[in-house]
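Hi everyone, thanks for coming. Let me put the model on the screen, and then I'll walk you through a few spots in it.

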Amino acid sequence: MPDELPPEPLPNGGFLPRLQSGKIKITYACPFRCRMCDYWRNPPRNELTLEEWKNVIDELLELGCGKIHISGGEPTARKDWLAIVSHAAEAGLRVAMTTNGAGFRSGDLEALYRVRFRSLSVSLDAASSALHDRIRGVKGSFKKAVDLMEKIRKRNMKKKHRIKMRINMVVQAANYRDAVAIHHLAHRVGAEDVVLMPVDEKGIYSNGTPKGKVTRGKKGPRLHLNERELADYNKKIRPAVRLVREQLGFPAAPAHYDIFGSDTSRAAAGEYARGYYEKHLCFIPWIHVFVGARGDVYLCCMTHNNIEPLGNVRAEPLKRIFTGETYTRLRDRFLHERLGVCHRCDQYLVRNAALEKALREGSRSAGGQEGKRRNRPSTG
């Protein structure tokens, strides 16, 4: 089902839930020690079994889901990660996965090609091993990620089925000047895109509202860009990224390089949505679902652990949760106001704008057709 297909409007002003995509976080385990993440500080416990994940995937299909994103922690930290990925791919879902690239064993890539795995996002936070390894907290992590992408590039040249690759770069104070160089690296290893993701520093907000002040974390250096660095990015790095994307053939729409916007005070406060959700709806509650490693269900990755779970797949079927009262109440709330964490999220801005446009155009088209029917002369 195409992502741009909007949910069907209801007479009461709401929408009919129409699941299009899902994200499953199959483990919280990770061998890295990333500055911007704390999953590694907490050993995984009581996570869903392989059979439970297979059941979740089957339920996603029953709900009409067309694509699934598998993440962690680090997915390959699970010994059975390949069985989960294979089950989703063989069931007909379009499967994407995010990885740090360190956990692939001999034969894993060939197995992905056999099940026609679709897309791999590799986390790479710098164009040099020194900076990337420092951010990720593990020496040799840069080499493992680049080696994995080189292997896929070479296999893609020989096989009919290609695994699409992209690089995810978490943009932060330490690495934002590497945003241009990482595009050259991506081009060299055969990646189809570079996704620049502003760091979501923990502890930015107080009480879940978008009014908290950014502070230095308790552990490690400051991660977010301050206003001076944001101005530097907008003046020097942003136009350079736009140019290199055009030169190397990467998608060059503004959303790919204008990641902070012109209001540096908002960006410095972590409000990467730039006020969009103060006036516009987020459709994610109607078209997407997130399942955490222990079975808790949320709207999306931003609400994960930031709101009370909407249910747990060990307690009741996913379909009952997705169509149930708790989920419905939260959707009704979204019609009037968004959550505090929404203002930190830039992930779905383009998608939501496209859905809103499609709804608007569909409404105009339906209105025009109704007018034609009213004005049609009678043949009776």
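Predicted model: local features only at pLDDT ≥ 70, side-chain atom pairs only at ≥ 80, totals over all residues.

Residues are numbered from 1 along each chain as its sequence is written, and side-chain values use heavy atoms, with hydrogens and water left out.

The chain has 13 helices and 11 strands; these are DSSP runs numbered from the N terminus, helices being H or I with at least four residues and strands E with at least two. Take the contacts between residues at least 6 apart in sequence: 72% of them join residues at least 24 apart. Contact here means heavy atoms within 4.5 Å.

Now to some helix pairs. Helix H1, residues 50-62, and helix H2, residues 81-90, have axes that come within 10 Å and cross at roughly 20°. The axes are lines fitted to C-alpha atoms, for helices over the stretch in contact, and angles run from 0 to 180 degrees between N-to-C directions. H1 and H2 are therefore roughly parallel to each other; the classes are roughly parallel under 35 degrees, roughly antiparallel over 145, roughly perpendicular from 65 to 115, and oblique for the rest. Which residues meet? From H1 we have Leu-50, Trp-53, Lys-54, Ile-57 and Asp-58, and from H2 Ala-83, Ile-84, His-87 and Ala-88. That contact of H1 with H2 divides into 6 nonpolar, 1 polar and 2 charged residues, counting Ala, Val, Leu, Ile, Met, Phe, Trp, Tyr, Cys and Pro as nonpolar, Asp, Glu, Lys and Arg as charged, and the others, Gly among them, as polar.

The next pair is helix H5, residues 141-158, with helix H6, residues 181-189: the axes come within 9 Å and cross at roughly 40°. H5 and H6 are therefore oblique to each other. On the H5 side the contact is made by Phe-142, Val-146, Met-149, Glu-150 and Arg-153, and on the H6 side by Leu-185, Arg-188 and Val-189. This one divides into 5 nonpolar, no polar and 3 charged residues.

While we're on H5, have a look at Lys-143, which is found in that helix. Is Lys-143 buried or exposed? Lys-143 is exposed, with a relative accessible area of 54%. Its C-alpha atom is separated by 9.2 Å from that of Gly-101, 42 residues apart along the chain.

Another glycine, Gly-73, is found in the loop between strand E4 (67-71) and H2. Gly-73 counts as partly exposed at 22% relative accessibility. Leaving out residues up to four places away in sequence, Gly-73 touches Lys-25, Thr-27, Tyr-28, Ala-29, Cys-30 and Tyr-39.

Finally, the cysteines. How many disulfides does the structure hold? The structure holds 0 disulfides, a disulfide being a pair of cysteine sulfur atoms within 2.5 Å. For Cys-342, the nearest cysteine sulfur, that of Cys-282, is 5.9 Å away. Cys-342 counts as buried at 9% relative accessibility, and Cys-65 counts as buried at 5%. Thanks, and I'm happy to take questions!

Terms used. Buried < 20%, exposed > 50% of the residue type's maximum accessible area, 1.4 Å probe, protein only.
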